[in-house]
Amino acid sequence: MPEISAPPEPSTALAPEPSGPPDDENSGGSTEVFDVRKFGAIGDGVTDDTNAFKMAWDTACQVNSSSTIYVPNGFSFMIQSTIFTGPCQGGLVFQIDGTLMPPDGPEEWPKNNSKRQWLVFYRVNQMSLQGGGAIDGRGQKWWDLPCKPHKGINATTLPGPCDSPVAIRFFMSSNLTVQGLKVKDSPQFHFRFDGCQNVHVESLHITAPALSPNTDGIHIANTNGVQIYNSVISNGDDCVSIGSGCYDVDIRNLTCGPGHGISIGSLGNHNSKACVHNVTVRDSVIKVSDNGVRIKTWQDVRRLCVGHTL
């Protein structure tokens, strides 16, 4: 289960008068739209807008019909490490047309908040995270920590705590769509799906520098029914990493690289059983990459079962 920290104190800042969000052409007027600015979000890239986003989520989550949380274009919203908890009463769209960003580096990260994850969606069903906006992980100061590879004195790697947050994590959720977003510079993995079912990723654009450590584009574990289509991932680690317990994974028309390619594993840590089934990669390009498609295992793996198609 993800680590849950106490919510931040509510912001007392006044929100500007919001402009109307776009109409949902396919909703027939039945979708309720909740603009985060109406809940007090400022969107200046400095003010802590966490409480406004939490209130917007809690309100939309209680609507019996479909609802939309609207993040408008032209604004940059700074959000602390937060868990958005379901299940919700109806389907929910998280429409990001502006920019979301975390605090800028470990020194700005509140001490009481988890440093292992930034935005978490927990026990959510029928949700779409979408839009023409951006998610900026502001990872540079995390990558430069002396505990990271070759970042210590004389290019060494120093011991010590080295937690860095995953940008977007879905945990124990189902019937998910992630579509159209530009995501860059996560401190660690950009997306992580744990214990999820029926995940559709479409037209996603993920970027991070080629030497940024552990910045996997999409990591899945104990997750099934995954479709990753028509996307571009350029980073410092695996474009897609597939952990144990995954099956029915279809990757199509993916442009991958630079980075480490597409990886199944690592599998079988601590002498454990590790199974991955029915992984398909087709019509994809892997370029300027350390690997193509690979399977990684630990030396003491007890039992390994892998099925894949290229």
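The structure is a predicted model. The chain has 310 residues, of which 49% are buried, and its secondary structure consists of two helices and 25 strands. Three disulfides are found in the whole structure.

**Overall fold and surface**

- Of the contacts between residues at least 6 apart in sequence, 69% join residues at least 24 apart.
- The chain has an accessible surface of about 14,000 Å², and carbon and sulfur atoms account for 48% of that surface.

**Confidence of the model**

- The mean pLDDT of the chain is 88, with 84% of residues at 70 or more.
- Over residues 1–20 the pLDDT stays under 50, although the model has 39 contacts beyond four places in sequence for this stretch.
- Where pLDDT is low, the predicted coordinates should not be read in detail.

**Annotated site**

- The unreviewed UniProt entry places the feature "active site" at His-260.
- His-260 is located in the loop between β20 (246–256) and β21 (262–267).
- Because its relative accessible area is 21%, His-260 counts as partly exposed.
- Beyond its neighbours within four places in sequence, His-260 contacts Gly-236, Asp-237 and Asp-238, together with Ser-289, Asp-290, Asn-291, Gly-292 and Arg-294.

**Nonpolar core**

- The largest nonpolar core comprises 63 residues, and Trp-57, Leu-129 and Phe-193 have the most contacts inside it.
- Helix α1 (residues 50–61) supplies the largest share of this core, with six residues.
- Leu-129 is in contact with residues beyond four places in sequence, among them Phe-94, Ile-96, Phe-121, Ile-168, Phe-170 and Phe-191.
- Thr-177, Val-178, Gln-179 and Leu-181 are also among the contacts of Leu-129.

**Disulfide Cys-61 to Cys-88**

- The sulfur atoms of Cys-61 and Cys-88 are joined at 2.0 Å, and the link is left-handed, with -100 degrees about the S-S bond.
- Cys-61 is buried at 3% relative accessibility, and Cys-88 is buried at 17%.

**Disulfide Cys-147 to Cys-162**

- Cys-147 and Cys-162 form a disulfide with their sulfur atoms 2.0 Å apart.
- The torsion about their S-S bond is about 80 degrees, so this disulfide is right-handed.
- Both cysteines lie in the loop between α2 (140–143) and β11 (166–171), 15 residues apart.
- Cys-147 is buried, with a relative accessible area of 13%, whereas Cys-162 is partly exposed at 25%.

**Disulfide Cys-239 to Cys-256**

- The sulfur atoms of Cys-239 and Cys-256 are 2.0 Å apart in a disulfide, which is right-handed with 95 degrees about the S-S bond.
- Cys-239 is in the loop between β18 (224–234) and β19 (240–242) and Cys-256 is in strand β20, so the pair ties together parts 17 residues apart in sequence.
- Cys-239 is buried at 0% relative accessibility, and Cys-256 is likewise buried at 0%.

- Cys-196 is in no disulfide, and the nearest cysteine sulfur is that of Cys-246, 9.8 Å away.
- Cys-196 is buried at 1% relative accessibility.
- Cys-246 is also in no disulfide, and this residue is buried, with a relative accessible area of 1%.

Note on methods: Residues are numbered from 1 along each chain as its sequence is written. This is a predicted model: local features need pLDDT of at least 70, side-chain atom pairs count only at pLDDT 80 or more; totals for chains, interfaces and linings use all residues. Side-chain values use heavy atoms; hydrogens and water are left out. Helices (H or I, at least four residues) and strands (E, at least two) are DSSP runs, numbered from the N terminus. Buried means under 20% relative accessible area, exposed over 50%, partly exposed in between (1.4 Å probe, protein chains only). Contact means heavy atoms within 4.5 Å. Accessible areas come from the Shrake-Rupley method with a 1.4 Å probe; for residues, only the protein chains shown count as cover. UniProt positions are given in the numbering used here, feature names are shortened, and annotations may be inferred rather than shown by experiment. A nonpolar core is a set of buried Ala, Val, Leu, Ile, Met, Phe, Trp, Tyr and Cys residues joined through side-chain atoms within 4.5 Å. pLDDT is the predictor's confidence in each residue, from 0 to 100. A disulfide is a pair of cysteine sulfur atoms within 2.5 Å.
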